[in-house]
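Me: Could you go through this structure with me? I'll ask as I look.

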There are 2 protein chains.
Amino acid sequence: MISFEEAFEKVLSHTIELGTETLPLLSSTHRILAEDIMADRDFPPFNRSTKDGIAINYRAIEEGITEFPVQGVLSAGLSQQRLENASHCLEIMTGAVLPHDADTIIMYEETEISNGIAKITSTPKKGQNIHSQGSDIEKGEVILKKGTQITSAVIGVLASVGKHQVLVQKAPRICVISTGNELVEVHDTPEPHQIRKSNVISLSAALSNQRIAHELVHLPDVKEAIESKLKQVLEDFDVLMLSGGVSKGKFDYIPEVLNSLGVEKIFHRVAQRPGKPFWFGRHEKSGSVVFSFPGNPVSTFANYHVYFLSWLKVVNGDISTHIEVTLQEEVNPHPTLTLFLQVQTHWKGSKLHARLIKGNGSGDLVNLAQAHGFIKVPTGEKVFEKGQTFTFFPAS
Amino acid sequence: MISFEEAFEKVLSHTIELGTETLPLLSSTHRILAEDIMADRDFPPFNRSTKDGIAINYRAIEEGITEFPVQGVLSAGLSQQRLENASHCLEIMTGAVLPHDADTIIMYEETEISNGIAKITSTPKKGQNIHSQGSDIEKGEVILKKGTQITSAVIGVLASVGKHQVLVQKAPRICVISTGNELVEVHDTPEPHQIRKSNVISLSAALSNQRIAHELVHLPDVKEAIESKLKQVLEDFDVLMLSGGVSKGKFDYIPEVLNSLGVEKIFHRVAQRPGKPFWFGRHEKSGSVVFSFPGNPVSTFANYHVYFLSWLKVVNGDISTHIEVTLQEEVNPHPTLTLFLQVQTHWKGSKLHARLIKGNGSGDLVNLAQAHGFIKVPTGEKVFEKGQTFTFFPAS
């Protein structure tokens, strides 16, 4: 049995190389940009009106003119026009192109227009209300760097430079595997000794919440079936995520089969609660990694959030710091086990506070439904006083 | 022009009734449960072994027996067996049903098994290592209440009680509408006076990130086309989200058309920056609401997060408190406008800290791609000193 710190470090150091792929823009959210993105034009691409009003030539103001015959109206989306006479004006809408020979815009609120004449009621400054071409970004400038995570704002930038196809890092291909003859489908009525699949369904929902594609597979407790199925998924997937099947029971063939298929055990059993019988390995040939979580719901759920999501952050090059919470009560550490305790969180000013949820052992799925995540309580002898901060793994 | 506080309150008070629908379990994440969920059996459904080891009858211990002939092996998924002889034992795996006439489980680590005899090496407690039937929940108990938001842990609970179909609150039907002749598609090469659609693409990505279904529609600056299209979407959708089209420009027909179609203007223009020309209305006949955001990218993005997501929380009955951040620098308020400033955030202990991103006005989409969200800076005269906390609207 190894310590939590050692296990965590070992998991994070077994990342995988994913390669790249091209995706349609709107399918690329949450992915990692695999190319630098350059501006394909100046931003803004023209001298752009920032107000609805009139466009004039400032020389007219210098010459004392305050009334301007209206030559016409320019809306956004029209090509660039020309102010034909320097003592006239053009009405102009927000987003429209500043006409040739105009250099200043006066908003409607500072004009009075009647009978085709705009009278100005304020003293304009030369160049006002114009968002100058290229003032945000010049054509050719790098506007998004390789490695950027694609958020909805990034999608907006990509759209504006015409990237309808984006080169991104491939997502790991993930297979979620349920094990055990005691499991029946959700729509089945279990016999008294059976239970419905819930762990892998919950993992599937958690992965979908982060828009991580994955497949579900079931392995019965039959060695030959386990062998042929695992052989295949090791070829087809980058990550195998198992629930159940690695405790010390006689019918837990999985570690043995994994070993025979060339999956090296990196560790088995971690000094933590819940989630102690966690098994982690790596397929030497393909580099695929195997997260084999304990069979009980809270253990699987905790280890998914603690280990898998942290691993995925590293794979994605996400360097954001971890979250901490202030616990509003005292808590007893365990002398030799790292504890992951379910908490509910709430904000108090800019501080994230947490309260423990008292569960009924690691089998209690219903308490888990109320938890916002897990705090990590390091091993120790002395009680942690109220108000202490702990690393927080939010539930997804 | 109304104050931000007034506008915000008006938006939140115009919620809509959504009705309910039945969805397949894995399609129900992020939705709101529209029924109480009862346990369809005891949890656990039988006296369940929590360890791999041997099951015995404690009377044997009381009689001083320490060596037990092994009657057989019980794996998880087997129906309940019987311990035929009170001085024998059955090997038992984690998750298996406790056999009749056994009441105590001793883990393998505290036994030595050879030649079909299990010798115990510890002093067991009666009833140990058993998760008793119904100790988590009794059959018929309400385990999830109507109104619960369906997280991945909730999905696990629903799976375990066999809810492969779930009654949930309907999601609002959302139509995201781009406007303006100056817009071209992302895959098109714009003329110098044109720009690519990016606002609605960004909104679409933000909605998808929260798994909110929606459709995209474009309105050109032609009154008749606007009229017929808006009439139709008002019938088909609960929420219309427009970008652009409600400034004071001559070609902004939208407020006029909305009015003629029976959409009451609740307000237009809010004392805030960015996002001032925000128009909000309600279709009296259908109850649909119309969020008409200003055309520039940062304004649309800010108002989506500030108004729409807050509105959606109310519609979903989500009572979680808002988030605050500590700003690590001083900031000047505006005397009459509520400011929404772009920030990057990072954790420091359990406190969420923020730093301002200096943008180039509300048109600067590229800065937005680096922001983690917006802080709300109330109106005022005096500088807010470093270390002050502000309400935070995280970008999605």
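**Working chat**

Me: Before anything else, what kind of model is this?
Reply: This is a predicted model, and everything I tell you here was computed from it.

Me: OK. How are chain A and chain B related?
Reply: Chain A can be laid on chain B by a turn of 180 degrees together with a shift of 0.1 Å along the axis, and the RMSD is then 0.2 Å. The two copies are thus related as by a two-fold rotation axis.

Me: And which residue of chain A comes closest to that rotation axis?
Reply: That is A:Lys351, whose C-alpha lies at 2.2 Å from the axis.

Me: Through which surface do the copies meet?
Reply: They meet through the same surface, because 100% of the interface residues of chain A are also interface residues in chain B.

Me: Switching to sheets: in what order do the strands of the six-stranded one in chain A run?
Reply: The order is β7-β4-β6-β5-β9-β8 in chain A, and these six strands form an open sheet with mixed pairing. The edge strands are β7 (104–107) and β8 (111–114) of chain A, each of which pairs on one side only. On average, neighbouring strands of this sheet are turned by 40 degrees against each other, with direction ignored.

Me: Inside it, how do β5 and β9 of chain A pair, parallel or antiparallel?
Reply: Strand β5 (residues 67–74) and strand β9 (residues 117–120) of chain A pair in the antiparallel sense, over three bridges. Within β9(A), A:Lys119 is the residue that stands opposite A:Glu67.

Me: New topic, aromatics. How many aromatic pairs are there over all chains?
Reply: The count comes to 39 aromatic pairs over all chains. One of them is formed by A:Phe291 and A:Phe308, which is edge-to-face, at 5.6 Å centre to centre and with 85 degrees between the planes.

Me: Where do those two Phe residues lie in chain A?
Reply: A:Phe291 lies in strand β21 (residues 289–293) and A:Phe308 in helix α7 (residues 297–315), both of chain A, so the pair ties together parts that are 17 residues apart in sequence.

Me: Are they buried or exposed?
Reply: A:Phe291 has a relative accessible area of 0% and is therefore buried, and A:Phe308 is likewise buried at a relative accessible area of 0%.

Me: Last one, cysteines. How many disulfides does a search of the whole structure find?
Reply: Zero disulfides are found over all chains.

Me: And Cys175 in chain A and chain B, buried or exposed?
Reply: A:Cys175 counts as buried because its relative accessibility is 0%, and B:Cys175 is buried too, with a relative accessible area of 0%.

Notes:
Residues numbered from 1 in each chain as written. Chains lettered and ligands numbered in written order. Predicted model: local features only at pLDDT ≥ 70, side-chain atom pairs only at ≥ 80, totals over all residues. Heavy atoms only, no water. Disulfide = S-S within 2.5 Å. Buried < 20%, exposed > 50% of the residue type's maximum accessible area, 1.4 Å probe, protein only. Least-squares fit on C-alpha atoms with pLDDT ≥ 70 in both. Contact = heavy atoms within 4.5 Å. Pairing = 2+ DSSP bridges. Helix = DSSP H or I, 4+ residues; strand = E, 2+ residues; numbered from the N terminus. Axes fitted to C-alpha atoms, helices over the stretch in contact; angles between N-to-C directions. Phe/Tyr/Trp six-rings, centres within 6.5 Å; stacked < 30°, edge-to-face > 60°.
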